[in-house]
Amino acid sequence: MTAAIEARGVTRELPGPVPVTLVRDIDLAIHPGEFVAITGPSGSGKSSLLYLLGLLDRPSAGSVTLDGIETAPMSVDDLADLRLARIGFVFQFHFLLPEFNARANVAIPMRRLGRLAPAAIAARADQLLGALGLAEHTHKLPEQMSGGQRQRVAIARALANDPAVLLADEPTGNLDSRSAQTVFDLFRDFARNQGRSVVVVTHDHDLAATADRQVHLVDGRIV
Ligand SMILES: Nc1ncnc2c1ncn2[C@@H]1O[C@H](COP(=O)(O)OP(=O)(O)OP(=O)(O)O)[C@@H](O)[C@H]1O
Ligand SMILES: [Mg+2]
């Protein structure tokens, strides 16, 4: 089976008088239906790896393929189109637009993709927010919500275009343990029952243990 996303020999260095290595020699293939957790100490390269897998950054060496297609030769615009249609990303910090309510924030990727009519976009936004326990909060601005609620809006936004690959960086960091479990259950269901690939960074070892596979990073390497 072709991996949904695969890193082969991926190294990312920041050049400079003293070069910094973010990740080194990463080999990682995530198949459709797989739910993978990435753990590791602070500064071990978890976010850096997720940015590379999410085509938000490019490797200094090695390759990242999406459905077996090499991404290195693609232009910035082509990568942006590919991300919009195929990849959902939950950032470590939510990056919601402050002047948009929850529903409008979730609608953004759908509006950019342009495949659904406005009424269908609003309905899908509400359905996603409802699945994340935010049915009563669709009209609230980010500043009117708690950190955990904002994080769940960001998760709904990442799921908006039904991505083949969902990458989430500490999506449960602001959540109580029950909400965190709900989010993990949703991710597992998204992977198993809808054949998607989910990669979640978490420092919570109990949650990580409920994933299909755990990848542990230390000093930018998989151990
Ligand atoms: N722009 C940058 N310039 C210099 N060093 C950086 C930069 N970005 C990341 N680093 C360094 O690269 C390493 C990996 O960072 P990264 O953010 O990927 O770690 P992380 O595992 O996500 O950490 P955390 O758990 O704290 O989020 C760290 O040592 C970090 O200080
Ligand atoms: Mg990080």
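Mentor: Helices (H or I, at least four residues) and strands (E, at least two) are DSSP runs, numbered from the N terminus. The model is predicted, so local features need pLDDT of at least 70 and side-chain atom pairs pLDDT 80 or more, while totals for chains, interfaces and linings use all residues. Residues are numbered from 1 along each chain as written, chains are lettered from A and ligands numbered from 1 in written order, and side-chain values use heavy atoms, without hydrogens or water.

Within helix H6, Arg188 and Asp185 are three residues apart, about one turn of the helix. Their side chains meet in a salt bridge (a side-chain nitrogen of Lys or Arg within 4 Å of a carboxyl oxygen of Asp or Glu), at 3.0 Å from N to O. Arg188 is buried (under 20% relative accessible area; exposed is over 50%, partly exposed in between; 1.4 Å probe, protein chains only), because its relative accessibility is 14%. Asp185, at 36%, is partly exposed.

By this rule there are eight salt bridges. One of them joins Arg213 to Glu34, with the closest N and O atoms 3.0 Å apart. This pair links distant parts of the chain, 179 residues apart: Arg213 belongs to strand E9 (residues 213-218), and Glu34 to the loop between strand E2 (20-30) and strand E3 (35-39). Glu34 counts as buried because its relative accessibility is 17%; Arg213, at 28%, is partly exposed.

Arg196 also forms a salt bridge, with Asp162, and there the closest N and O atoms are 2.7 Å apart. That pair, too, links distant parts of the chain, 34 residues apart: Arg196 sits in the loop between helix H6 (177-194) and strand E8 (197-201), Asp162 in the loop between H5 and strand E7 (165-169). Arg196 is partly exposed at 21%, and Asp162 is partly exposed at 30%.
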